[in-house]
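The stops below proceed from the whole chain to single sites.

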Amino acid sequence: MLRMKSNIRENNSVLVLTEITNHPEISRTKISEITGLNKATVSEIVRKLIEDDYVIEIGSGNSTKSGGRRPILLTVNKKAGVSISFDVRYDRISYLITYLDGEKIDYEIKETDINKDNIVTHITTVVDAFRSTMKKSPFGIIGVTISVHGVVNKNMIEFTPYFDLDQLNLIEELKERIDLPIHIENEANLSALAEAAFDTEHQNIISFSAHTGVGAGIILDSQLYRGYNGRSGEVGHTVLYPDGLNCPCGNHGCLEQYCSTKAIVRNFQQLRNNKSLNFDDLLEAYRQNDVDTQNLIQKFSKDLGIGLMNIIGNYDPEIVYINAEILEEIPELLGLLQHSLSSTIYKSVPIRQSKLGHKASLYGATVHNLKEFLNVDNVGFDLDMEKVLEV
Ligand SMILES: [Zn+2]
């Protein structure tokens, strides 16, 4: 089910649509009771929503106690449109196609080098192939949102340290080929939107991502906080070691140079003096209790703990979700991270591993499409997590 979590754009249509969206089924009378709008106003708004295909009638509810007419129930038309999400990294592209309630239609990961010369073809191929087979629906494809591992500001890719997408006007190139609303957003920001969409409890959330880079998405009072230049949560470029390793951002000793997956693998290669070793080799050595490798992981978790504390200190979240391949492989790291907070004033902040993993940014992109299409501030999903996670 799709839930609308909040909206400040209070107009009556949005109020009514929010109530319909947030209930599996609801009558006009009930909407009137909840919103305080009179029945005639609700009926008129519902008539328009049905006419515009946002809402459908689904039979009758129970009759009233006094034996009155059984009310006709309303529900949001979840199959009225489709959302397309992409997640783009330097070494892979994945996509997720869903209905409006987040129900999956298609999902795929393709391991391949991504650069400014092939990205447009990768995206248009998926969109065109889906379009050619999709069933007719009232809204069709509501939008395409692309998650990028880099700094994004107002739909423009401004900085991608490990590939060259920042040398391309992606939105313009795509708009020439795809006649749909297209949005580009930072991966950590979208991951945070996804965590918020699945979390019914918390309104202040940090999603901490450590993949090829390190970054955080910040939700304050249920709203994504981007910062003035789209650089909020760039915790990867906070300095951990002054005069430390060079970073493509222009600084030295950035957290990202010590805590990204790339950095851990590089440290492991240096330890073994073998440049051909990869992430799997590192995990293998760790699991075989290789002392040097375990020390390396200990050092990594200490560094990551400092990064976490810095961002918690800056934004005071209720909860932190961590999204990192290494945590999926070595879950006991979570305990170490929690432990590193235990002697600080931040000890009450729960640190959780993201259940969504590498799908977080894709579901976040779905949320972004919905927010833009429905013109609301936030949406949530009531999806069966097992279904979400199945490939
Ligand atoms: Zn940096």
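The tour that follows names a selection at each stop and states what is found there.

This is a predicted model, in which local features need pLDDT of at least 70 and side-chain atom pairs count only at pLDDT 80 or more, while totals for chains, interfaces and linings use all residues. Residues are numbered from 1 along each chain as its sequence is written, and side-chain values use heavy atoms, with hydrogens and water left out.

Begin by selecting the whole chain. Its C-alpha atoms fill a box of roughly 80 × 50 × 40 Å along the principal axes. Buried residues (under 20% relative accessible area with a 1.4 Å probe, protein chains only) make up 52% of the 391 residues.

Next, select the zinc ion. Its protein donors (N, O and S atoms within 2.8 Å of the metal, or 3.2 Å for Na, K and Ca) are His237 (ND1), Cys247 (SG), Cys249 (SG) and Cys254 (SG), at 2.0 to 2.4 Å. The site is tetrahedral, with angles of 103 to 125° among the four donor atoms; for four donors, that term requires all angles to lie between 85 and 135 degrees.

Strands are DSSP runs of E, at least two residues long, numbered from the N terminus. Glu57 stands opposite Leu74 in S4.

Definitions and conventions. Tetrahedral: all angles 85-135°; square planar, octahedral: opposite > 155°, others 65-115°. Pairing = 2+ DSSP bridges. Helix = DSSP H or I, 4+ residues; strand = E, 2+ residues; numbered from the N terminus. Buried < 20%, exposed > 50% of the residue type's maximum accessible area, 1.4 Å probe, protein only.
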